[in-house]
Amino acid sequence: MSDVTAPKPKKPSAKIIITCAVTGGIHTPTMSDALPYRPEDIAREAIAAAEAGASILHLHARDPKDGRPTPDPNVFMQFLPRIKQSTNAIINITTGGGLNMTVEDRLAAPLVAKPEMCSLNMGSMNFGIYPMADRYKDWKFDWEEPYLRHTDDFIFRNTFRDIERILKMLGEEHGTRFEHECYDVGHLYNVAHFVDRGLLKPPFFVQMIFGILGGIGADLDNLLFMKRTADKIFGDNYQWSVLAAGRHQMNFATQAALLGGSVRVGLEDSLYIGKGMLASSNAEQVSKIRRILEELGHEIATPDEARVMLGLKGGDRVDF
């Protein structure tokens, strides 16, 4: 007997947006030689991911010397123009940054670049990545282990005032739209709060995130619950996507697509391409999920199709 409470899947012909999160601020260089942190490597990986089928490139910057996350706009500007010149993909700049960055730090590069899209975390939360430190004994750089271990006493700050500030400074003033990162069901209601206040207008893009310690777990029941809740709150006024951390990445993305959602992959979210197998590149992950989705009968959205779906201002209205 079918579950009548499950979200209704969309037709397989609905276009699916593939986002690739190229480097992020969670994993460290010791964990994988494939993780890019020099500007030239970030640019190369992003361009290859776009060529493999990613319509959105979600980008962080790292210190070229040792790979630690950096908010420095000058570092972003060493790879943003090259990516824009080489691909039509939508460039999505983080406002989450890296651990211990202030909101001012996290806004520095987006306010300079004025991109089509930025990520926007929709609530404060415990963000625990400290268990990863126990997997390694030898570190490439001395910052890595303490960076991970201190997250047992770390709150990732995203207050209502912070979110409003980002919506106004980037959204209202520069026409940037957002990947609303929702790590738990309460974050969906935070999106709805800003919709009710008139600070956020459809179509908006909800990224449901599973498997981060401190957020909702990577269980299929949770995916169905998040989707049902979003449908109840937003109706047809939103686009949605799913990412799952680590080993859950590919199977969760596939489940989301079967329900009509878009997907996010990339070395920010998982360093692996299969069980016990490190990915060789971001493009390898994009190619794998694209192959899975196309074999299931789905069509992949081009960057321009994604721009229309998400109501973006266009790549000609950015400052890089």
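What volume does the second largest pocket have? I looked it up in this predicted model: about 210 Å³. I then listed the residues around the second largest pocket. There are 17 in the lining, and those closest to the centre are Thr176, Arg177, Leu199, Leu200 and Lys201. Helix α6 (160-174) and strands β10 and β11 each give two or more residues to this lining. Sorted by class, I have ten nonpolar, four polar and three charged residues there.

Next entry: the largest pocket. I read about 890 Å³ for its space. The lining holds 45 residues, with His27, Ile212, Ala245, Gly246 and Asp269 closest to the centre. β7, α9 (249-258) and β14 (272-274) each supply at least two lining residues. Which element gives the most to the lining of the largest pocket? I find β14, with three residues. The class count for this lining is 20 nonpolar, 18 polar and seven charged.

Then I traced the sheet. Eight strands form a closed barrel in the order β2-β3-β6-β7-β10-β11-β12-β13, with parallel pairing. On average, neighbouring strands are turned by 25° against each other, direction ignored. I checked the pairing of β2 (18-21) with β13 (262-265): it is parallel, over three bridges. Ile18 sits opposite Val263 of β13.

Last, the helices on the sheet. α8 (220-234) packs against it and touches β10 (177-182), β11 (204-210) and β12 (238-244). I note an angle of about 155° between the directions of α8 and β11. α11 (303-310) lies across β3, β6, β7, β10, β11 and β12. It runs at about 55° to β6 (90-93).

Note on methods
Residues are numbered from 1 along each chain as its sequence is written. This is a predicted model: local features need pLDDT of at least 70, side-chain atom pairs count only at pLDDT 80 or more; totals for chains, interfaces and linings use all residues. Side-chain values use heavy atoms; hydrogens and water are left out. Two strands pair if DSSP finds at least two bridges between them. Helices (H or I, at least four residues) and strands (E, at least two) are DSSP runs, numbered from the N terminus. Axes are lines fitted to C-alpha atoms, for helices over the stretch in contact, and angles run from 0 to 180 degrees between N-to-C directions. Contact means heavy atoms within 4.5 Å. On a 1 Å grid over the protein atoms alone, a cavity is a set of points where a 1.4 Å probe fits but cannot get out, and a pocket is an open set with protein on both sides within 12 Å along at least five of seven lines; lining residues have an atom within 4 Å of a point. Grid points are joined across faces, edges and corners, and a volume is the space filled by probe spheres set on the points. Ala, Val, Leu, Ile, Met, Phe, Trp, Tyr, Cys and Pro count as nonpolar, Asp, Glu, Lys and Arg as charged, and the others, Gly among them, as polar.
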